[in-house]
Amino acid sequence: QDAPGATTQKHEFQSDVARLRNIVINSLYSHRDVFLRELISNANDALEKLRITSLTDKTVLNDPLNITIKLIPDEHGGRVVITDYGIGMGPEELSTNLGTLAKSGTSDFLKKAEGDAPGDTSSLIGQFGLGFYSSFLVSDKVYVASIPHPSKANPNPTQHVFSSVSDEASFEIYPDPRGNTIGRGTEITLVLKEDAKDYLDEAKIRALVEKHSAFSTSYPIYLFTRKTEEIPDPDYVPTEEEQIEFTDAEEEEESKDEVNIKVDVDEDEAVVEDVTETKEAPEEEKKKPVIPLKNVTTEEWVQLNDQPPLWTRDSKNVTQEEYDLFYRATFKDHNNPLALHQFKGDSGSGESFKALFFIPPALGPEFWQSPKPDTKGIRLMVKRVFITDDLGDDALPKWVSWLRAVVDADDLPLNVSRETLQSTRFLRQIKQVLIRRLISLLTRIAEEEPEKFKKITETYGPALKLGAMEGGKDQKKLAALARWDTNTRKFIGLEEYVASRKKGQTQIFYLAAVGKKPEELSGSVFVEKLHARGYEVLLLTDPMDEILVAQLKSWKGLTFQDAAKKGLKFGDEDTNPEDEKAEEARLEEKFKPLLTWLKEEAKDTVLDVVISNRLVTSPCAIVSDTYGYSANMEKLMASQVSKGVRGTDFMHDWAKKQKFLEINPRSPLIEGLLTRVIEMNDDKDEEDERELKEAASILIDGALVRSGFEVPDSNLFFTRMDRVLRRSLGVSQSAKASDSVKPAPPVEDTPLPESPAKEVSLDEDEKLPTESEEAEALFGDFPDIPGKVRIDADDFLKQYDRSEYVQKREAEEEAKQKEHEHDEL
Ligand SMILES: Nc1ncnc2c1ncn2[C@@H]1O[C@H](COP(=O)(O)OP(=O)(O)OP(=O)(O)O)[C@@H](O)[C@H]1O
């Protein structure tokens, strides 16, 4: 390019850009191929923008829409020129778009990349995407010539150049001295580094485009190719003698042709032999004159991505690698998807479409942090032309908004707008079709590829449960995909549970505790008898599990039963009803004195004390009534009540009290307690009674802890424990610990030196809770008792809405500030 003219403007790069360029130049040598992918991706975006503009502004021509690559060897090392006929940039856009970094996650990336060993940075590139700056991987100097399309505001745009040299902190922008050579769009010229000459090789560029970019654009990518061949010189003028020889040779050729035609028509063997004879005429042929050869270079634009779009091809002819490459290029991910599905369909209202969807390799933390769905799930195309990848909040419900799909509608108008789409039935129907297909894909994987299903469930299991919790007609199908560990097996679905139920079993037993390990839960007092008898208990540890089973109520006729609540039935109780009833009556009679006494002792904690049929080795347990809180739910609710969110909630107190103390009649400890109570009733001794009361309260508190609840007063609990320990060790109850604590020195009377007043920011003044603290606190805010009220997944997710919380905090701050100002006045 020519030297810049007088109107050149020099600009400083934003500091982040300079840092990024340094990383690119210094540490990504082995990943320099990515420059081509990044620039083609930018070119594609520019073409998209132009096409979309042309839909509303008819003065904008949308032809041609393509990308070209030219490899130009020269005496300095050569250049690669990538041109797109897209939206283009004016001088201001060149400066802001290429001189600053407006990408989210930049500072994170820079911090990590600058901290890492050079080799480790490579794994970060894929995640971040270097965009335009990857040009510096292969070039020392980059020129970007660009011109936007004419518009009302700028009817005669001029082509400008952005130029930058890799080791300079500034860039220049100036009118292109060549004038308008592009017409419309952007031409990027990379002046190749000495060691990057191999990018002048056509075969290499072809291979790179095929590998990385064949799917990143639906616009044609052309490569300018040159082929040099030796061919007979077409300009050669034969001498007179040669002319005669030519004529003879031509006649000879003609007669040969005639014989050949004969052969074609008549397939008689004898004739074929004749032909063979005619071919053997060496002397005649030798006469043919020789035309001198000449090197001729033919130049041609060759399309590199001439395959039809992947989703329109027959899936039988598409390889897994092609699908993976397509997913990575289209959805800008650096890992391969976990699963995919391609299908054709009809939306139900007449529009036919082709679709291809993917289950991405990972679910970002934002999925659980924000109640808003990811709106970028569906890339909508009409007749292979990209329309939009943002269909708004309604595109897919929150629980499945991680799905990545390409939907190509055959019958929608090309200029359909997002707003029109949102109000058509098409989108609603597409959404349903995608969800249905996803569920059947997962169901098939669960049956045929258990390992793969396990992997998918590790990431998406809770999201699928969230979908089931939302209810609707897919609830049962989604719930069938949920998996839990049990006391006897791992990764069990409801179908498997029900299939291995015991004879007479009418309940699905479960125990819930958010965040606990299944192994911990299976050691619970509530599981011991079920386990000892060989029954299976689902161990629910995800936050939405307990709500989900409360909504489902039953599965294939078996009702869900919390193992920690009243109402547990094994199903074989009726085998000998008379015997059982007699045994119950006998135990009731035997333990009556203990039950009566304990009921009085435990009246602040439980509604009643009863004989247990669920305990094997534990002496006692606290069991909730059907509508009382489970230990899990009580914890969740407690944080809200203590924060005053619900005030002194009558329902909370009521639900908290719906508990029973169950005692194990076979436990030696309970037997011992019974004996002592009977003795005490016969011979009232105050000291005995006090000791016994203390033992009872430890027993009740112990039962609470064992059953997953909190003790009401932990100080009192430990004081009592202390007394019991002293008794058993023979230590006097009145003995005091020797008082050898060193007292603090007297009050300091020298004043502290004055320190300059420090500005107090909100951050330092009052730290906002971390997101996990908030989530934990907010998580407890379930509207009501499960089983009574259907809890909506939207409500559930709103609990996580940090922005709402922050807004509230800011409003409070503002109010406080106003009050303060008012007071000062
Ligand atoms: N060929 C082009 N035509 C028009 N504008 C372009 C072109 N290349 C880059 N730009 C503009 O420059 C901006 C910065 O480009 P860059 O490649 O650095 O980041 P990006 O494209 O926004 O992000 P990424 O490449 O990671 O997707 C783009 O957002 C776009 O506005």
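pLDDT is the predictor's confidence in each residue, on a scale from 0 to 100. It applies here because the model is a predicted one. Over the chain, pLDDT averages 81, and 81% of the residues score at least 70. Where pLDDT is low, the predicted coordinates should not be read in detail. For the model as a whole, the scores are ipTM 0.97 and pTM 0.65.

Consider next helix 18, which spans residues 525–532. Is this helix mostly covered or mostly open? It is mostly covered, with seven of its eight residues buried. These are Val525, Phe526, Val527, Glu528, Lys529, Leu530 and His531. The elements that cover them include strand 16 (507–512), helix 17 (518–522) and strand 17 (537–540). Strand 21 (620–624) and helix 25 (686–706) also take part in the covering. Just after helix 18, Gly534 has a positive phi of about 90°.

Strand 21 leads on to a sheet. This open sheet has three strands in the order 20-22-21, and their pairing is mixed. Strand 20 (608–611) and strand 21 are its edges, each pairing on one side only. Neighbouring strands of the sheet are turned by 30° against each other on average, direction ignored. Strand 21 pairs with strand 22 (residues 659–663) in the antiparallel sense, over five bridges. Opposite Ala621 stands Glu662 of strand 22.

Technical notes: Residues are numbered from 1 along each chain as its sequence is written. This is a predicted model: local features need pLDDT of at least 70, side-chain atom pairs count only at pLDDT 80 or more; totals for chains, interfaces and linings use all residues. A residue is buried if 20 or more other C-beta atoms lie within 10 Å of its own, exposed if 12 or fewer, and partly exposed in between; C-beta atoms are placed from the backbone. Helices (H or I, at least four residues) and strands (E, at least two) are DSSP runs, numbered from the N terminus. Two residues are in contact if their C-beta atoms, placed from the backbone, lie within 7 Å. Two strands pair if DSSP finds at least two bridges between them. Axes are lines fitted to C-alpha atoms, for helices over the stretch in contact, and angles run from 0 to 180 degrees between N-to-C directions.
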